[in-house]
Amino acid sequence: MKTIGLIGGISWQSTLLYYRILNELSIKALGEPHSCKCIIYSVQFATIKKLQLENDWDSLNVLMGNAAKALKSGGADLLIIGANTMHLTAPYIIKNVDIELIHIVDAVGAEIKEVGLKKVALFGTRFTMKKDFYKNHLKQKFDVEVIVPEGDDFDMIDTIICKELVKGIISQNSKQHYLTIIDRLTDLGAQGIILGCTEIPLLIEQKDCKVPVFDTTFLHAATAIKLALV
């Protein structure tokens, strides 16, 4: 098995999910008592949030690039960024760090294509929903149209992520808000829902929804294990 490098801490709640899934899938693939060969570089979440709010993506590029370099130096063969939003720094990392980056949108797009959907809705932080990197990647590479919530729904999704999920707070009231928004988006033609923040699977599962949901955390980790075992 190749060694997977994970840039984590964005937030530590989703990093826990990644670590559990990576190990569970390693056992499924190789049997007991195998575990995942991985290195985790946990960044300072407060610094990430501060720079995001200041819209200082140049500094975020350097911060994430340095984390990637540290993982490469530590022996990582493959790299995953344990957050959807921070894939905004992926082009910088690809250009400046000699390591294979497994892009989360590639993992998600491949699954959407496999299922055969053409139009999906995207949940995530305000950066993921507002900026075009996710939508453009899915459209250009997989011919998948992406719609996002608007108005109060947009704000509600971001607020629940930032004030609850990154802290491990799981609220049934918030879950119902998400499910109501999902219903509205499916009425607008969404055939599936991308859980485009790696904490959202703490709140929403496939069993909660009538349409396919795409758990980006699981799909990303599963792609990493598949490539680590090649």
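Residues are numbered from 1 along each chain as its sequence is written. Because the model is predicted, local features need pLDDT of at least 70 and side-chain atom pairs count only at pLDDT 80 or more, while totals for chains, interfaces and linings use all residues; side-chain values use heavy atoms, leaving out hydrogens and water.

**The sheet.** Start by selecting the 4 strands of the open sheet, in the order β2-β1-β3-β4 with parallel pairing. Strands are DSSP E runs of at least two residues and helices are H or I runs of at least four, numbered from the N terminus; two strands pair if DSSP finds at least two bridges between them. At the edges sit β2 (38–42) and β4 (100–101), each pairing on one side only. Next, colour β1 (residues 4–8) and β3 (residues 78–81), which are joined by 4 bridges. Here Ile 4 stands opposite Leu 78.

Contact means heavy atoms within 4.5 Å. Helix α10 (residues 216–228) also packs on the sheet, touching β1, β3 and β4.

**His 87.** Move to the loop between β3 and α4 (90–96), where you will find His 87.

Finally, show Ile 104, Ala 107, Val 108 and Glu 111 in α5, which meet Thr 216, Leu 219, His 220 and Thr 223 in α10.

Definitions and conventions: Axes are lines fitted to C-alpha atoms, for helices over the stretch in contact, and angles run from 0 to 180 degrees between N-to-C directions.
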